[in-house]
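Thanks, everyone. Let's have the structure up on the screen and walk through its packing.

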Amino acid sequence: MTAAACTVFFLPGLGLDAAAVAPVARELDARFRVIAVELPGQGDTADAPDGSVDSQVDAALAVIAEQADGGPWLLCAHSMGGKVAAGIAARVRGGDVPVFGLLGVVLLAPSPPTPEPMPAAKRHQMLAWVKDGPIAEADAQTFVDDNVGAPLPAELQSAAVASVQAMSPVAWRRWLEQGSVEDIASSVGTLDLPCTVLAGDQDEALGAAVQPELLSDVYPRARFVPFAGAGHLLSFERPVEVARAITELWDQIVAHSAIVPAEWGLVIASPRTTPRVRSALARRALPDDPRYRPRVLSVEQLDLLRVVADRVVPQPAGGRIDLAARVDADLAAGGGDGWRPVGGLTDDEAYRAGLDDLRTAWPDSADDQDAVIRAVIDGQGVPGGAIDGDDLRRWFEDLRVDVTREWLIHPASLARVGYDGFATGAEDVDFAGYRELGADTRDDWEPSDLGAAPAPTPAQQQEDTA
């Protein structure tokens, strides 16, 4: 394939730099574009203005905004980078940054949003290493040896030691004294996106035994994977397994997502789209949870609603939106249009009663299912049903509106129908509306699949030939 399907932004841990992602990148196939995001003080990156996690998040987002191509991306973050990744995910969710497309995270022995549980003696030892300047080679060797479950191959050992020595002593000290103990949990909140957490059972502070307690509330969709015999430096110790975890997460995302085309992602990320709208589209674009448990409906009712939704709003195989789960979640959140007939059931009650009524006569074949749907729409009810045909018709009209709305408000659906009006409400651009209104033409900011771009003006032609 000519272009990567997914970008992986890798955030190295304390003392590491871009070299930490190289072993993993070698194991990933051509679907992935891997970009190391060196945090302040790592490698050749300058120190941040201060030692706050926010400053690290700012620096990382600047790189991501510059390198993102509008398509989907994952965060892969190690140790210190894990806390920064949580801040990034929260900012992207909020829509205040000019990026779009984050669909999941892979965390390697991550530092949590809460203060990192590092032993005081270890913190004191590591601070002593930078008391007089950069870390000496012997201390860098000690750091690497203390953080692996077994000795690294010579080439990887050398790369890790060189990275530790190259890290700014200012950034090293700031992390140990400020960043690692900072609590950003309240600003991060709950990050409801696909997440895989990898950790070694030989990691003293951030190992497999403690990660579920540290992160389950932050990442409710997290899957925790322990590595027997591994320490803390997982990208060096277990690059094959880390690459496999990235690949498996991406495959799961593709199976449970409608992917937004890259050009449309760039429009969503642009200043033309307001933060509020970008935030809504970012949340809607997240993959559906294959383990979703209904909150208003029963499991049986949700399963039937999925089948009904497939008949009402057919979707292509692969990458389908779980419309039924989204309707259930919206009902649980008090969604809906707020209207119902006088004396009628609440939305929750109507869905439960209506689905139970449908189930009494629901057939197996698609053609027979369509026949039942047509009968309900015509007000005939269902054979053996307990609900009056006209009442069932009114409820089913709401159902059709609900599942259609859940499909249409997804950004991939907006791209499919060619609607980019969400990008015409910004107040801080020169002109927020449309200039080209003719058929099969588009403004130069619009995705190319919406028509031909306007012809350049004479002034623009002169600039191009100058």
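Start at Leu75. Leaving out residues up to four places away in sequence, Leu75 touches Phe9, Leu11, Ile64, Ala85, Ile88, Leu102, Gly104, Val105 and Val106. Keep in mind that this is a predicted model.

Now the wider setting. The largest nonpolar core has 88 residues, and Leu75, Ile88, Trp172, Tyr219 and Ile246 are the ones that touch the most other members. Helix H3, residues 80–94, supplies the largest share of this core, with eight residues. There is also a second, separate core of 46 residues; Val260, Tyr292, Ala325 and Trp445 are among them.

Next, helix H4. Which residues of H4 are buried? Lys122, Arg123 and Met126, in a helix that spans 120–128. Looking down the axis of H4, those buried residues fall within an arc of 100 degrees, so they line one face of the helix. On H4, the face turned away from the buried side carries Ala120, Ala121 and His124, which are exposed. And the cover over the buried residues of H4? It includes helix H5, 137–146, and helix H7, 169–177.

Last, the cysteines. Cys76 is buried, at 1% relative accessibility. Cys195 also counts as buried, at 2%.

Definitions and conventions: Residues numbered from 1 in each chain as written. Predicted model: local features only at pLDDT ≥ 70, side-chain atom pairs only at ≥ 80, totals over all residues. Heavy atoms only, no water. Buried < 20%, exposed > 50% of the residue type's maximum accessible area, 1.4 Å probe, protein only. Helix = DSSP H or I, 4+ residues; strand = E, 2+ residues; numbered from the N terminus. Arc of directions from axis to C-beta. Contact = heavy atoms within 4.5 Å. Core = buried A, V, L, I, M, F, W, Y, C linked by side-chain atoms within 4.5 Å.
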